[in-house]
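I opened my notebook to look up a few things in one protein model. Here is the model first.

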Amino acid sequence: MEYFPFFMDIEGKKGLVIGGGGVAAWKVGKLLPFAPKLTVVAPFILPELLENPAIACKQRTFKEEDLDGVMFVIAASDDPEVNAHAAALGRERNLLVNVVDDRQACGFVFPSLVKEGKLTIGISTQGASPQVASALRSQTAMAIPCQIEEILDYLGQLREYAKEQIPDTDRRCVFLKEAADLCMEKGSPLTEDEEKSLLEKQEQAGSVTLVGAGCGSFDLITVRGLNALRHAQVLVYDDLLDDRLIAHAAESCERIYVGKRSGKHSMPQERINALLTERAKQGKRVVRLKGGDPFVFGRGGEEILALKKEGIKVRVIPGVTSAIALPAAAGIPVTHRGLSRDFHVITGHASDEGEGFLREVKALASLQGTLVFLMAFTHLEEIAQELMQHGKKPETPAAVVHGNFDGSLQTVRGTLADIAEKVRREKMETPAVIVIGACAELHLCNQ
C-alpha cells in the first residue's frame with residue numbers, strides 16, 4: 001500500500017477522534033496547530049482533552065451519527081473492535097480514516113511532522129518504522145535555519161517582485177531557486193546588494209557546464225558538480241548514471257537523455273553538440289552530465305570546441321574516473337612505491353580499427369607501469385595475446401573489475417596467460433576495467 005503525501009487544508013473542517021487516552025491525545029496535539037474543528041468521543045477522556053476549549057468532547061461510546069458531516073476520522077480507542085467498526089463505517093461514507101496500529105485499515109497515515117511557521121514537512125515510512133521517521137524528523141529540524149519564518153516571508157514577497165523584473169518564466173524560476181538556496185545557506189533573507197547581484201546574473205547569456213558524474217554510484221560526484229546539477233535549467237545526460245543523481249535536478253529542469261555508451265549511441269555526437277549550443281543560445285544554464293570524468297574518453301573536448309566555436313561560455317567540473325576508482329575499490333592502486341611509478345589509460349573503443357589498435361598495444365608492451373584499459377572488455381583475450389607476443393611475460397599480473405560501489409563489485413585476478421579464461425569462467429559482464437601490471441595482484445581493501 002502506497003500513500004501519497006497530500007497537504008490538505010483542514011482549518012475549520014470537522015474531524016472525529018474516537019478514543020480519549022494517550023494515543024488520541026497525541027493525535028489531537030498534531031492536528032490542533034492546523035485549526036480543525038475536532039470532536040473527541042470516548043467513555044473516558046483525559047483531562048488535558050476535556051479542558052481544552054478548542055475540542056468538543058463527548059464522554060460516551062461511539063455512535064454512527066458521530067460521523068455526520070465530518071471530513072476525517074481517527075479511530076484511536078483501546079478497543080480494536082470499536083476501531084474496526086468505526087473505520088468500516090467511515091469507508092462506507094468515503095471519509096478519510098486513520099486507525100491506530102492497523103495500517104491496512106488506514107486511508108491516511110500520520111507523518112512525523114516538522115512545523116515551523118509556514119514550513120511543514122511530513123515524513124512517513126508507511127508504518128514500517130516510526131522510529132526511522134522520528135530520527136529523520138530530528139535531523140531535518142536541526143537543518144532548519146533559526147530565521148526560517150523571516151526567510152519564507154521574504155521569499156513570498158520576492159515572487160511578486162520577480163514577476164515584474166523577470167518576464168521569462170524559466171529565468172524567473174532559476175532566480176527564485178538561487179535566492180532560496182542563498183537564503184538557506186546564509187540562514188537569513190538576502191540583502192539588497194545580494195538581490196541585485198542575482199538579478200544581474202539572470203541577464204547574462206546562457207552557458208554550458210561539463211560535469212563529471214563519477215563512476216557508477218551517485219555519491220561519487222563532487223560537491224561542486226552536484227551544485228551545478230541542482231541549478232541547471234537543462235540537463236543533458238548519458239547512460240549508466242545513477243537515477244538518484246538525476247533526481248537532484250530541479251523539477252523545472254528540462255532533462256534530455258542522450259544515451260551515450262560504449263558501442264551504442266542513441267544520439268550522434270554532432271547532434272549532442274548542436275543541442276548544447278541550441279539550449280545555451282536560448283539563454284539557458286545547461287549542464288552536460290557525463291559518466292566518470294569529461295576528459296577521460298568522454299569526448300568532452302569535442303563538445304567544448306564546438307561550443308567555443310559558437311561563442312558559448314563553457315566550464316568544466318572534473319569527475320572521478322573509473323580508470324582509477326574501480327581498481328581502487330577492488331584494492332588495486334594504479335601506482336605503488338616499488339611496483340609502479342606510472343600508469344597509462346587506454347581506450348578499447350577504437351578496437352574496431354584493427355591494425356591501428358594492435359599497433360598501439362604493441363607499443364604498450366615495453367612500458368613498465370600499470371596499464372588500464374577502458375571499454376576494452378570484449379577484446380581482453382586479444383590484448384593479452386598481443387602484449388605477450390611483444391615482450392610482456394605470461395606471468396604478468398592482470399585483473400578485471402566490474403560493478404559499482406554499492407556492493408556489486410566483481411573482481412577476477414590472474415595473469416596475462418590465463419585472465420581471459422578466468423573471466424569467461426566467471427561469466428563477467430561489461431562494462432569492466434582491465435588492469436595489467438604488478439599492481440594488479442595487490443589486495444589493499446577488503447572487497
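**Ground rules.** I am reading a predicted model, in which local features need pLDDT of at least 70, side-chain atom pairs count only at pLDDT 80 or more, and totals for chains, interfaces and linings use all residues. Residues are numbered from 1 along each chain as its sequence is written, and side-chain values use heavy atoms, with hydrogens and water left out.

**Overall build.** I found 15 helices and 17 strands; these are DSSP runs numbered from the N terminus, helices being H or I with at least four residues and strands E with at least two. The C-alpha atoms fill a box of roughly 95 × 55 × 40 Å along the principal axes.

**Helix pair.** I looked up α6 (residues 169-186) and α7 (residues 192-202), whose axes come within 10 Å and cross at roughly 145°. Axes here are lines fitted to C-alpha atoms, for helices over the stretch in contact, and angles run from 0 to 180 degrees between N-to-C directions. Which residues of α6 meet α7? I noted R171, V174, F175, E178, A179, L182 and K186 in α6, against E194, E195, L198, L199, K201 and Q202 in α7; contact means heavy atoms within 4.5 Å.

I recorded A213, G214, C215, G216, S217, L241, D242 and L245 as the lining of the largest cavity. A cavity is a set of points on a 1 Å grid over the protein atoms alone where a 1.4 Å probe fits but cannot get out, and lining residues have an atom within 4 Å of a point. The volume of the largest cavity is about 30 Å³, meaning the space filled by probe spheres set on the points, which are joined across faces, edges and corners.

Methods:
1 Å grid on protein atoms, 1.4 Å probe; cavity = no way out; pocket = protein on both sides within 12 Å on 5 of 7 lines; lining within 4 Å.
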